[in-house]
Amino acid sequence: MAIESSPVSALRALAIGPPTPGVPVPGPPDPPAQSPAAGGRPVAGGARPIERAGYLIGSVLLASGLFHAAVLITSGGTWEGPVSWRKPMTFGLSFGLTLITIAWVTSLVPLRDRTRNLLLGVFATASVVEVLLITMQAWRRVPSHFNMETPFDTAVSRVLAAGGGVIIVVVVALTIATWRPLPAVAPSMRLALRAGFLALDTALLIGAIMVVTAVLDVARGDQLAAYAVGAQWKPAHFVPMHGVLALPLLAWLLARTPLPERSRVKTVALATAGYGVLCLLSVVESAASINPLQAPLIADTIAALAIAAIVAAGARALALLRSTPMPDGPNHLSHV
């Protein structure tokens, strides 16, 4: 006869009665699965099908960007200009990385399956169309943006502009979703998600301003001015673009350290503050037509302090990870 191990077990046995042969005795309920965003183990099943599709499509776009980087290097082409191989390279890399990022960070945001599938599906489709058309125009050796030379080129430019508008709508919808109550998401991750999406909104807003201004220049017959506008605002468009990856990634790493949540929030806040200053500085310099490589000393000092804050936050996370013993068993990554 088995001996009960505790008074609680004995009371439980009296309440249930003697076990019936062939019928299993009910055990304690399984602990609820923790949300990956809250710092727990990943929910069983891993990534959703729409997220896996986003990772796959994003990887293909990244491969396209790397291929065109090789074309740029081997062809001896120039980095500058509207028909440079730089464009399919940078757009392939940027859209690929952004699509993978959006697929991952939205997995941390509670959304209805239909809403998630719609938003990620539209974002992935728009990303593919943008990269495809830019790549096609590069191989035709004609400009992709602001090109109104022929009816076909005009149609391509308008589709690119419309695709950008679709992407803005999707990202704004996801931004709103991150500002709803997220009780299952750790405060440090909530801060990272909200700040990252606001930065991405800023990058897309700058991109929209670039397109509208350039289209007006083209309508006035000044094609060169249209391309100059794009060059002027590139830093302000680029710098805020990938905070939606960097900040949540920092929060995700911190969640795998023994650091208390309050300290994690402070570390993410430090990186967010530095990144916000860097984004603001890039916008001011672009508006003033200041080349970041030839900026005044005060601007360089501010940029250095902002970068130092970001580096300090990242270094703290990595140092804590190195000092944290790895748990026994397989190491799971949440939706990555």
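Is Arg48 buried, partly exposed or exposed? At 27% relative accessibility, Arg48 comes out as partly exposed. That residue turns up again in the second view below, and everything here comes from a predicted model.

View 1. Of the 336 residues, 40% are buried. Take the contacts between residues at least 6 apart in sequence: 72% of them join residues at least 24 apart. The protein exposes about 18,200 Å², and carbon and sulfur atoms supply 72% of that area.

**View 2. Arg48, Glu51 and Arg116 form a network of salt bridges.** Start with Arg48, whose side chain meets that of Glu51 at 2.5 Å, N to O. Glu51 also reaches the side chain of Arg116, this time at 4.0 Å, N to O. Since Glu51 lies in helix H2 and Arg116 in helix H4, this second pair ties together parts that are 65 residues apart in sequence. How exposed are the partners? Glu51 has 0% relative accessibility and counts as buried. Arg116 is buried as well, whereas Arg48 is partly exposed. The structure holds four salt bridges, and the two in this view are among them.

**View 3. Helix H2, end to end, with its buried residues.** H2 covers residues 49-75. The buried residues of H2 include Ile50, Glu51, Tyr55, Leu61, His68, Val71 and Leu72. Three glycines are on that list too: Gly54, Gly58 and Gly65. Part of the cover over these buried residues comes from helix H3 (86-106) and H4. Just after H2 sits Gly76, with a positive phi of about 70°.

**View 4. His68 and what surrounds it.** His68 is part of helix H2. Its relative accessibility is 3%, so His68 counts as buried. What does the side chain of His68 pair with in a polar contact? The partner is the side chain of Trp139, at 3.0 Å. Setting aside neighbours within four places in sequence, His68 also touches Trp85, Pro88, Met89 and Thr135.

**View 5. Helix H4 and the residue that follows it.** H4 runs over 113-140. Its 28 residues reach 40 Å from first C-alpha to last, close to the 40 Å expected at 1.5 Å a residue. Next comes Arg141, with a positive phi near 60°, and this residue isn't a glycine. Arg141 belongs to the loop between helix H4 and helix H5 (151-178). With a relative accessible area of 40%, Arg141 is partly exposed.

View 6. Glu261 is partly exposed, with a relative accessible area of 23%. Arg264, at 12% relative accessibility, counts as buried.

View 7. Ser289 lies in the loop between helix H9 (261-287) and helix H10 (297-323). What's the phi of Ser289? It's near 55°, a positive value in a residue other than glycine. A relative accessible area of 54% makes Ser289 exposed.

**View 8. Where to be careful with the model.** The mean pLDDT of the protein is 83, with 83% of its residues at 70 or more. Over residues 1-45, though, pLDDT stays under 50, and the model has 36 contacts beyond four places in sequence for that stretch. Residues 328-336 also have pLDDT below 50, with 20 contacts beyond near neighbours in sequence.

Note on methods:
Residues are numbered from 1 along each chain as its sequence is written. This is a predicted model: local features need pLDDT of at least 70, side-chain atom pairs count only at pLDDT 80 or more; totals for chains, interfaces and linings use all residues. Side-chain values use heavy atoms; hydrogens and water are left out. pLDDT is the predictor's confidence in each residue, from 0 to 100. Contact means heavy atoms within 4.5 Å. Helices (H or I, at least four residues) and strands (E, at least two) are DSSP runs, numbered from the N terminus. Buried means under 20% relative accessible area, exposed over 50%, partly exposed in between (1.4 Å probe, protein chains only). A polar contact is a pair of N or O atoms within 3.5 Å; within protein, one must be able to donate a hydrogen and the other to accept it, and residues adjacent in sequence count only if both atoms are side-chain atoms. The expected span of a helix is 1.5 Å times one less than its number of residues. Accessible areas come from the Shrake-Rupley method with a 1.4 Å probe; for residues, only the protein chains shown count as cover.
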